[in-house]
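Trainee: I would like to learn how to read a few features in a structure that is new to me. Could we take them one at a time?

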Amino acid sequence: MGEADSETGRPEQPAHTRAYLRLLLLAGLVGVPVSAVAFAFLALLHRLTSLVWEDLPADFGLDPVPWWWPVPWLLLGGVLTGAAIKWTPGGAGHLPIDGLSAEPVRPSYLPGVLLAAVGGLPLGVVLGPEAPLMAVGAATALMLARRTQGTPAEAVVGTSGSAAAVAVIFGSPLVAAVFILEAAGFAGPKLTRLLLPCLLSAGVGALIFTGLGSWTGLPVSSLELPGLPSAGLHVTDLLWTVPAAVLIAAGVREVHALARRLAPLAQRRPMSMALTAVAVTAVCAGAYSLITGRSPVDVLLSGQDSLGELTADPEGLGIGVLVAILAFKGIAYAVSLAALRGGPIFPGLFLGAAAGVLLSALPGFGAVPALAAGMAAATVAVLPLPVSAAILVTLLLGSDATAMAPVVLIAVVVAFVTGRVLDRPQRAEAAA
């Protein structure tokens with residue numbers, strides 16, 4: 001291997017080469033500005049969300065939020081998101097129905113990604129911030145390392161930026177590194193050479209992000225769910241985990257199947273489909289509020305904040321409310337996946353948690369094991385990345401992680417295999 005090749009900074013190069021060490025240093029440095037940008041991005045989303053769904057209703061004396069409140073905000077979000085998809089470079093990022101991508105994002109795509117995210121996510125779109133956050137991280141990294149453009153090292157720098165951003169939203173550099181590497185599909189020498197830059201960038205990013213949270217007093221990400229009641233594990237919990245994982249994986253597949261049927265139309269008519277998607281979401285939220293008497297916010301947004309409220313008291317919601325949440329939020333999630341922009345993980349995670357709590361009504365199925373099984377099955381069905389899903393849900397369980405690990409692993413494997421089996425006819429049709 002010649003010196004010219006060794007200086008390209010390919011991820012396959014041995015870690016002792018000067019080019020690779022420079023690339024490793026660059027990946028570590030990239031974590032600092034990426035985490036600062038990600039912090040500002042998440043702080044802005046948090047502030048806008050609080051303004052729309054807490055501050056303004058309180059100012060107008062609307063407590064709880066009435067059924068009609070989401071309508072004007074969602075319509076505004078549909079206009080902004082549709083405009084970003086139709087008229088900005090890159091179509092405001094990749095389709096949520098395609099999952100999350102670890103591919104580098106061109107800096108020229110960033111304005112559209114930001115417009116769709118800021119204009120949609122805080123206004124009620126049923127998607128999460130992880131996809132635009134990854135795009136922001138990758139694009140920021142590439143802008144700060146322009147000298148790597150046009151070389152194989154560009155992919156490493158962009159992926160490291162995504163890892164730093166994912167560490168911010170998931171609150172864990174370990175989850176970020178595993179998620180990025182599993183999503184990228186690297187193996188063998190490429191896995192080894194890409195692992196160090198991603199770990200370093202994610203670690204630096206998580207450290208800086210935590211420091212910024214302490215300095216500013218703004219809330220930062222935490223993977224551990226607050227208020228989760230302590231629970232033990234019984235044989236009946238393991239027995240119920242298998243059919244529960246199959247049922248939840250099949251349900252998530254149906255939601256995605258609906259989204260995939262709508263996605264081609266959304267690509268041809270982005271503005272009209274974006275407006276249709278937010279209109280359907282508004283109807284779902286309003287209908288849920290009128291039927292249950294609860295806030296329409298239960299059906300809106302990513303569910304990231306509502307997840308903590310659900311897990312704090314898994315048995316506090318009645319069966320009727322849980323069924324309504326699954327039905328209405330599931331429909332809103334499907335149309336958002338097809339026609340809007342954002343990340344697919346957190347709404348799927350919340351729906352899995354709600355389905356698990358609902359199934360805990362089965363005899364001998366504890367609330368916490370059912371919750372763990374639901375989150376694990378739904379997460380792997382959404383991604384589908386089994387290792388990342390298992391680590392993410394395990395860390396979410398906090399002090400119960402060790403006790404619930406068998407449930408999480410069984411649910412992940414069963415749901416992953418179920419998804420592959422159910423998708424086999426579709427893959428065979430595509431191959432033909």
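Mentor: Let us begin with contact, which means heavy atoms within 4.5 Å. Leaving aside its neighbours within four places in sequence, Val407 is in contact with Leu233, Leu238, Thr241, Pro369, Ala372 and Ala373. This is a predicted model, in which local features need pLDDT of at least 70 and side-chain atom pairs count only at pLDDT 80 or more, while totals for chains, interfaces and linings use all residues. Residues are numbered from 1 along each chain as its sequence is written, and side-chain values use heavy atoms, with hydrogens and water left out.

Trainee: Is Val407 buried or exposed?

Mentor: Buried means under 20% relative accessible area, exposed over 50%, and partly exposed in between, with a 1.4 Å probe and protein chains only. Val407 counts as buried because its relative accessible area is 0%, and in the protein chain buried residues make up 52% of the 432 residues.

Trainee: How should I read a pair of aromatic rings?

Mentor: Such a pair is described by the distance of the centres and the angle of the planes. Rings of Phe, Tyr and Trp (its six-membered ring) pair if their centres lie within 6.5 Å, and planes under 30 degrees apart count as stacked, over 60 as edge-to-face and the rest as tilted. The count by this rule comes to three aromatic pairs. One of them, Phe60 with Trp69, is tilted, at 6.4 Å centre to centre and 55 degrees between the planes. Phe60 is exposed, with a relative accessible area of 59%, whereas Trp69 is buried at 7% relative accessibility. Ring pairs link Phe60, Trp68, Trp69 and Trp73 into a cluster.
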